[in-house]
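Hi,

Here is the structure I promised to pass on. Have a look at it first, and then read my notes below.

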Amino acid sequence: NNMALKLTIPTLNSSHAADNIKSVILTSEPNTHIDINLEAKTITLDGEASEETYKQLIEAAGYQISTK
């Protein structure tokens, strides 16, 4: 599965939030390439875990994912 996953996180609006999410994901999935766009409030994840896994990690970090 080499499709990068792009998610919108409405509260992803600071480098603190970005670092938080990054560290939670990388702790569980260290081989993930993460690209964060604070202006667009998006995170792009390219790794071996499933979409469901990444979503659960982000939510566990305390961030809601927009379904829009």
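Before going on, a word on what you have. This is a predicted model, so local features need pLDDT of at least 70 and side-chain atom pairs count only at pLDDT 80 or more, while totals for chains, interfaces and linings use all residues. Residues are numbered from 1 along each chain as its sequence is written, and side-chain values use heavy atoms, with hydrogens and water left out.

The overall picture

There are two helices and three strands in the protein, and along the sequence they come in the pattern β-α-β-β-α. The radius of gyration is 11 Å, close to the 11 Å that the globule rule gives for 68 residues, so the protein is as compact as a globular protein of that length. (That radius is taken over C-alpha atoms, and the rule is 2.2 Å times the number of residues to the power 0.38.) Along the principal axes, the C-alpha atoms fill a box of roughly 30 × 25 × 20 Å.

Of the 68 residues, 31% count as buried. Buried means under 20% relative accessible area, exposed over 50%, and partly exposed in between (1.4 Å probe, protein chains only). The accessible surface comes to about 4,400 Å², and carbon and sulfur atoms hold 45% of that; the areas come from the Shrake-Rupley method with a 1.4 Å probe, and for residues only the protein chains shown count as cover.

Contact here means heavy atoms within 4.5 Å. Among contacts in the protein with a separation of 6 or more, 57% are between residues 24 or more positions apart.

As for charge, you'll find 5 positive and 9 negative side chains, with the centres of the two sets 10 Å apart. Lys and Arg count as positive and Asp and Glu as negative, leaving out His and the chain ends; each charge is placed at NZ of Lys, CZ of Arg, CG of Asp or CD of Glu.

The core

In soluble globular proteins, nonpolar side chains tend to be buried together. In this model, the largest nonpolar core has 18 residues, and those with the most contacts inside it are I9, L12, I21, I25, I43, L45 and I58. (Such a core is a set of buried Ala, Val, Leu, Ile, Met, Phe, Trp, Tyr and Cys residues joined through side-chain atoms within 4.5 Å.) Two or more core residues come from each of β1 (5-8), α1 (15-28), β2 (33-37), β3 (42-46) and α2 (51-60). The largest share, four residues, is from α1.

- L12 is buried at 0% relative accessible area. Leaving aside neighbours within four places in sequence, L12 is in contact with A17, A18, I21, I36, L38, K41, T42 and I43.
- Beyond its neighbours within four places in sequence, I25 is in contact with P30, T32, I34, I43, L45, Y54, L57 and I58.
- I43 has contacts that include L5, L7, I9, L12, I21, I25, I34, I36 and I58, again leaving aside neighbours within four places in sequence.

Around K41 and T42

Most residues other than glycine have a negative phi. K41, which is not a glycine, has a positive phi of about 60 degrees. K41 lies in the loop between β2 and β3 and is partly exposed at 30% relative accessibility. T42 belongs to strand β3 and counts as buried at 9%. Not counting residues up to four places away in sequence, T42 touches K6, L7, T8, L12, D35, I36 and N37.

Towards the end of the chain

A60 is in helix α2 and is exposed, at 65% relative accessible area. C-alpha to C-alpha, A60 is 9.7 Å from I25 and 14 Å from E29. G62 lies in the segment after α2 and is exposed at 59%. G62 and T11 are 51 residues apart in sequence, with their C-alpha atoms 9.7 Å apart.

Cheers
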